[in-house]
Each structure stands twice: as C-alpha cells, then as structure tokens.
Amino acid sequence: MNRYKLISIILFLYLSTILASSIGPAMITTQVTQVKIGIDGLTHAHVHGLLSNIGKANSPMTIVGIAESNKELAMRLSKQYGFDINIVYNTIEEMIEATNPQGVMAFNSIYAHLSTVEACAPKGIHVMVEKPLAVNSEHAQKMATLSRQHKILLLTNYETTWYASNHKAYEKAQDKSTIGDIRKVIVCDGHEGPKEIGCSSEFLDWLCDPVLNGGGAVVDFGCYGANLMTWLMKNQRPTSVSATLQQMKPDIYPNIDDEATIILTYPKAQAIIQASWNWPFSRKDIEIYGANGYVKAPDDNNIIYRPSKSQKEELLPCSHMHEPYDNPFSYFAAAIRGDITVDKSELSSLENNMIVVEILDAAKQSAKTGKVINF
C-alpha cells in the first residue's frame with residue numbers, strides 16, 4: 001500500500017468518526033418491519049382502536065385484509081378510516097387465501113373465536129382475540145389444542161393489560177416486603193350498560209346474545225377480574241367459585257344478566273369480582289389487600305399505596321408502559337416478529353386465559369344452581 005492511499009484511508013476513518021459523533025444516537029433510527037395483519041370481523045367496538053392506526057408510518061402492523069360479511073358496516077368503516085373496500089372479503093378463508101397475513105386479530109363475537117382459530121392455526125397464522133378467550137371451556141380447549149398443534153400464538157387482549165397502574169400494583173403486591181401476602185382482592189369493572197353508552201347495533205346483536213357472547217355482564221366484565229386475579233396468583237386455579245347474577249334491567253336485557261358478583265377462594269386469599277352494566281359511570285379498578293397493607297389502582301395511571309398500618313396512604317403516579325408493552329398492536333406485532341417472548345403467566349397468555357374461561361363457566365354454573373363450585 002502506497003503512502004497516499006494510507007493517508008486517504010486514515011482521513012476517511014477520521015471524518016467518519018467525526019460525522020458519527022455529530023449525528024449522535026438520537027438521530028440514528030431503526031426501521032421496524034410492519035407485520036401483515038388480517039382482521040376477522042368488524043362488529044366488536046374495540047376494532048376502532050386498530051383501524052385508527054391505518055396509514056400511520058410508525059404503526060407496527062399493516063392491515064392487508066378484512067373478513068366481514070356485513071358490507072354496509074364495512075363500507076361505513078371504510079369511509080371513516082380510509083381503508084380500501086377491496087381488501088374486505090366475505091369470509092376469513094377468502095381473506096387468508098388472498099392476502100396471506102402473518103397474524104389475525106379477531107373482532108367478531110366470542111362464539112366465533114373458535115372459527116377464527118380453526119381457519120388460522122393450520123396455516124401457521126398467529127391469532128389475538130378480544131377478551132375473553134372463548135364462550136366456554138369446550139371452545140377454549142379446542143382452540144388451545146389447535147394453537148399448540150400448529151405452534152401459533154393465541155393471545156387475548158384486555159384493555160387493562162396496558163394500564164401502567166396495574167403493573168405497578170402487581171409489582172408492589174408481589175414484593176413480600178411491602179403489603180405482605182395477598183389476602184383479598186376486589187375488582188370492579190363495567191359501565192352504565194352497552195345500550196346506554198351507545199354501542200352499535202352490530203355489536204349489540206351478539207353482545208346481548210347468551211350463546212354468541214356466552215352471557216351478559218358476567219362474561220363482558222367478569223373476565224377482567226378473573227384475568228387480573230389469575231395473574232396475581234401466578235396461574236393458580238381457585239379452590240372454589242361462587243356467583244350471583246341478576247337482571248336489573250330485564251326490559252333492556254331480557255336474555256342475559258346485567259349484574260354479576262363472583263367470589264373466588266384460594267387457600268389463603270379471596271377475590272371479589274364485581275361486573276356490572278349498572279354502574280353510574282365507567283370503571284376499571286382494582287384493590288389488593290395484603291397481610292400488612294394495601295395497594296389500589298383507581299385508574300390507568302395512578303396507584304394508592306399504604307404498605308403498613310404505621311405509614312400514611314400515598315398517591316403515586318405511574319410511568320407509562322414502554323413499547324411494545326403499552327398497547328395490543330405493538331405487543332402482538334413484536335411477539336410475531338420474535339422480538340419478545342410471551343410468558344405463560346402474562347395477562348395475554350393462553351395459560352392465563354384458559355383459567356379465566358374455566359372461572360366464568362363455574363360462575364355461570366354457580367348462579368344457575370345456587371351452589372359453590374369446587375375445583
């Protein structure tokens with residue numbers, strides 16, 4: 001190598017170092033590959049959260065196809081969110097064949113979750129359903145068998161999974177040096193009622209059907225408490241389940257319950273799940289009482305914490321969850337890409353949600369028979 005060439009190389013390396021330091025790490029970005037996602041159904045109101053991400057450059061996923069037989073609904077949402085009506089197909093089978101998605105998110109009835117998995121699993125397509133996993137344990141077992149046989153992800157989405165307050169409360173509750181062993185948990189979820197808050201007719205058609213939804217408030221909001229308690233107990237099944245279901249508004253909801261209270265017992269703990277379509281306003285909160293103190297999550301961003309009798313109650317703001325643990329879309333996409341591994345004890349996991357469905361089945365049986373259901 002001659003001396004001029006050597007000088008040129010040294011100069012090039014020196015200038016490259018100067019340029020890199022002037023850019024800094026903040027200006028260096030990594031382009032994350034968007035995951036190809038299909039949607040099965042548009043009738044569940046939670047689909048609006050996904051559709052509102054269409055066209056955003058930083059979205060973790062791109063919508064390649066939609067299965068929806070209600071063309072009037074599809075056209076209405078197409079105009080609202082700007083997706084091409086030509087990506088809408090009558091059936092999930094047609095959508096999969098035409099678009100080859102990596103994952104499918106189900107926004108159909110709870111009863112239809114099984115058919116979503118039956119269509120996707122044999123083709124190796126991952127699935128995320130809206131809560132709860134299934135209408136009953138029979139459906140849940142079939143779905144679990146298919147997902148394991150074909151090695152796909154089968155996740156369940158709850159709004160409360162992405163609450164920073166719930167994760168901070170969990171952290172405090174699991175630290176035995178703070179509130180002590182968990183003794184009692186109270187979970188309150190619901191709103192004034194789906195008709196009262198203006199849910200669409202397409203949503204109400206199956207939400208108020210005891211077959212398609214699996215029940216009323218007991219399923220719609222009882223699943224939140226069952227999911228959170230199973231998480232707190234690290235997938236331990238309860239020793240017993242008892243429940244009382246009521247129809248406070250039979251003129252509005254003639255075929256299903258609108259009020260539910262579920263009691264779960266464990267060897268040294270108890271949970272009271274209050275699921276209702278009769279609250280004066282929407283709520284999703286949890287109170288965790290230990291042997292020494294308590295921690296409460298009254299909303300998604302704050303906890304109320306009192307570790308012992310000798311200490312005062314504190315209101316502690318919570319930092320937002322970091323991506324991809326801050327929303328279901330980033331989480332599902334990251335799991336499909338293999339960027340994260342879904343632990344069996346996580347809120348979205350199949351293992352947790354199999355127990356949730358088992359609890360809901362037992363709650364409905366208890367209410368029907370007037371007996372405590374022992375596991």
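The legends below describe close-up views of a predicted model. Residues are numbered from 1 along each chain as its sequence is written, and side-chain values use heavy atoms, with hydrogens and water left out. Because the model is predicted, local features need pLDDT of at least 70 and side-chain atom pairs count only at pLDDT 80 or more, whereas totals for chains, interfaces and linings use all residues.

**View 1**
Six strands, in the order S3-S2-S1-S4-S5-S6, make up an open sheet with parallel pairing; strands (E, at least two residues) and helices (H or I, at least four) are DSSP runs numbered from the N terminus, and two strands pair if DSSP finds at least two bridges between them. Strand S3 (88-89) and strand S6 (154-157) each have a single partner strand and stand at the edges, so one side of each is left without a neighbour in the sheet. Strand S1 (residues 35-40) runs parallel to strand S4 (residues 103-106), and four bridges join the two. In this pairing, Gly38 stands opposite Val104 in S4.

Helix H5 (residues 113-120) is mostly covered, with six of its eight residues buried, where buried means under 20% relative accessible area, exposed means over 50%, and partly exposed lies in between (1.4 Å probe, protein chains only). The buried residues of this helix are His113, Leu114, Thr116, Val117, Ala119 and Cys120. The elements that cover them include S1, helix H4 (92-99), S4, strand S5 (126-130), H6 and S6, a contact being heavy atoms within 4.5 Å.

Ile286, when residues up to four places away in sequence are not counted, touches Asn166, Val185, Ile186, Val187, Leu228, Leu232, Val295, Lys296 and Ala297.

**View 1. Salt bridges within helices.**
The whole structure contains 12 salt bridges, each defined as a side-chain nitrogen of Lys or Arg within 4 Å of a carboxyl oxygen of Asp or Glu. An α-helix has 3.6 residues a turn, so residues three or four places apart point the same way. In helix H3 (residues 71-81), Glu72 and Arg76 are four residues apart, a separation of about one helical turn, and their side chains meet in a salt bridge (2.8 Å, N to O). Glu72 is partly exposed at 47% relative accessibility, and Arg76 is likewise partly exposed, at 35%. In helix H6 (residues 137-149), Lys142 and Glu138 are also four residues apart, and their salt bridge spans 3.6 Å, N to O. Here Lys142 is partly exposed, with a relative accessible area of 41%, while Glu138 counts as exposed at 52%. In helix H7 (residues 164-174), Glu171 and Lys168 lie three residues apart, about one turn of the helix. Salt bridges that share partners join Glu72, Arg76 and Glu202 into one network. The bridge between Glu171 and Lys168 has its closest N and O atoms 3.4 Å apart.

**View 2. Two cis peptide bonds in loops.**
Lys131 and Pro132 are joined by a cis peptide bond with omega of about -15°, and Pro132 lies in the loop between S5 and H6. The peptide bond from Glu323 to Pro324 is also cis, its omega being near 10°, and Pro324 is placed in the loop between strand S14 (314-317) and helix H11 (328-337).

**View 3. Positive phi angles outside glycine.**
Asn100, in the loop between H4 and S4, has a positive phi near 50° although this residue is not a glycine, and Asn100 counts as exposed at 53% relative accessibility. Lys234 is likewise a residue other than glycine with a positive phi, of about 55°. The loop that holds Lys234 lies between H10 and strand S8 (240-246), and at 54% relative accessibility Lys234 counts as exposed.
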